[in-house]
Structures are given as C-alpha cells and as structure tokens.
Amino acid sequence: PRSTPKPSAAASDVYKRQKLVTRFKRTLFWLTNDNRFYSANKIQNNDVDPLRLIPFLLMHVGCVGILFVGTSTAALVLASILYVLRMFFITAFYHRYFSHRAFECSRKFQTVMAIVGCTAGQRGPLWWASHHRSHHLHSDTNKDPHSPSQTGFWFSHSLWFLTPKTYLTPENHIKDWLIFPELKWIDKTDWLPFVGLAGICYALGSLLNTFFPGLETSGAQCLVWGFFVSTTCLYHATYAINSLGHLWGTRRFGTRDNSRNNSILALITLGEGWHNNHHRYPRSARHGLYWWECDIAYLGIILMSAVGLVWNVQKAPSSLTAKNQDAT
C-alpha cells in the first residue's frame, strides 16, 4: 500500500500558525464575551460547559486556603466589608437600577457603579439586567432562564449561567442601555475589575503585614478571605433568590409565578428576600413594603438620594399594602 505523503515543512508551518491564530481568537472571544466564542448550533445547548465550570469551581476550591493561611480579625473584617459592599452593588444597581430602573442617577455615577458591580464576579451589568428582565417576562415558565419549578433546584441556583445558551446577552431586553458605549465596553471586560479586586486584597494584606504586624494578617490570608471566601458567600446568597426565593417562604400577593417572601434571605441579601413583593411591583426601589420588612439596600438608596447621588426613586403605590391585596 502507498504511504501517506508527509506534509512539507512550509505547509506544516502554515498549519501551526493557523492553529495559533484560532486559539488566540478563541481566547480573545472568551475574554471579551464575544458571541463568536460559541458556534450558532452550540449556543442553543443547555448543557453545562466544562470550560466555564472550571473557574466557578476554582473559586470554591480557593476557600480551602483558609486551612493554610489561618484567620485574623483583619481578614474577617475585610471579607465582611467586601461581602456587604458588593451585595449592595448587585442589589441596588445591577438589580434595582440596571434591571428595573427604580431610580435615576448621572451617567458618570452609573458608569462607576457598573465598574464596581463587576467586582462581584457576576458578569457585566448589561448581561445581568438582560437575563433578569427575561426572568420577569417569563417567570417560572419554560422560557425562564432559572426557574426551580422548570429545571430543578441546582440548575436554577448556579448552573444555568454556565451553559452556552445563557452566554449571550439578549440585547432585545436592554435596548435602553445600548445607547451607552461605556456600558457595552464594561460588559465586554467585566473580568478586569474582578481580577483587580483579587490583586487589591493581596496587596492590602501585604501592606498591613508590613506596617501593622500586630494585626497578624498577610497578603495570602486577605486574598483567601477577602476574595475567595467573600465572593463564594456572595455568589450563593445571590443565587438563593433565584432558587429558594421561588420555593421557600410566604406569598403575600397572588402573582403568576412562585415568588416568595423570606426574611432570612432578605437579611443576607440586603432586602432581596422580599421577592414576592418585588414580583408584584418590580419597579419599586423598596422591596420591603412594610416597616418591619428590613430592606437595607433601600435605606442605602434613600441615603444616596439625600446627598444627591440618585433621584426619582420609585415606590410601590400605597394601595398595594392594603389587606385586600393579600393572597390567600
């Protein structure tokens, strides 16, 4: 039998260059959230993509670092502060502002909040808002991107955003935001502030170790607690609204979905746990409709309004709290 001729050295070099170019383009598409990262047929796939699952798992693996770096009051304080701040960025801005336009602010402040919101590691504000608006349009139906009644608890909790199908940003839901080129740029490079936060945590720990050795912390310790542990807790508290928020709690209003009010979820998410209230009147900046329903994010919005950072804060009509509005 004839042997297959070996490719020439020139042809081999061309093939290697083409392969490198393909890998470079794929990496660039990944880093800039480019739709061309997936092929047209792949984008319809609802299976979890291992390539996207790996970074998510590594964030959890990073928490194991506490066994090696130990703990300190400084590290715990840093982790707590970063958790609360980033939960506020997600709750007040990604959700109530970018998704529902529950208040107004200047373009500059909008840009700053979009950037710091990326430090939560939940992609960019346009991606977040577009999928959340889709959730409200199709809540607990087969078109809902994360309904526990349709796809099960774990998929709605943390797997839905790891699929090729949800990689894209449904721009038809966010046409009002596409007029801002800076927001589109932030959405394409959302990982930069997130990675930058990791560097800041490490640098801060190193500085504290140098100038305040009595705090008994270090760069590695602040990285583990301030970045990995804080982010992982932030992840699952946020995700719990998508999953537990439609399974566990009470229903004041007879909405067409399964949204629930839950005081525990409200505490850990700064007010997002009043989810049934929110689904009844999504544009309200206040989710805790009654005085006893703690809504820390709303208090933060009111404080920003008092100093002129935001304005035109939307509220649910007072008639909504009437007893005859309650679901049985």
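I will talk through the salt bridges of this structure and then a nonpolar patch on its surface. What we have is a predicted model, in which local features need pLDDT of at least 70 and side-chain atom pairs count only at pLDDT 80 or more, while totals for chains, interfaces and linings use all residues. Residues are numbered from 1 along each chain as its sequence is written, and side-chain values use heavy atoms, with hydrogens and water left out.

The structure holds seven salt bridges, each being a side-chain nitrogen of Lys or Arg within 4 Å of a carboxyl oxygen of Asp or Glu. One of them joins Arg96 and Glu272 at 2.9 Å, N to O. Because Arg96 lies in helix α4 (residues 73–99) and Glu272 in the loop between α12 and α13, this pair ties together parts that are 176 residues apart in sequence. Helices here are DSSP runs of H or I with at least four residues, numbered from the N terminus.

Arg96 also forms a salt bridge with Asp295, with the closest N and O atoms 3.1 Å apart. Asp295 sits in the loop between α13 and α14, so this pair ties together parts 199 residues apart. Arg96 is buried at 1% relative accessible area, and Asp295 is buried at 5%, where buried means under 20%, exposed over 50% and partly exposed in between, using a 1.4 Å probe and protein chains only.

Turning to the surface, Ile54, Leu58, Val61, Val64, Ile66, Leu67 and Phe68 form a nonpolar patch with about 730 Å² of accessible area together; its members have over 30% relative accessible area and no salt bridge, with nonpolar side chains joined within 5 Å. Ile54, in helix α2, is partly exposed at 47%.

Note on methods
Patch = residues over 30% accessible without salt bridge, like charges linked within 9 Å, V, L, I, M, F, W, Y side chains within 5 Å. Areas by Shrake-Rupley, 256 points an atom, 1.4 Å probe, with all protein chains shown as cover. Helix = DSSP H or I, 4+ residues; strand = E, 2+ residues; numbered from the N terminus.
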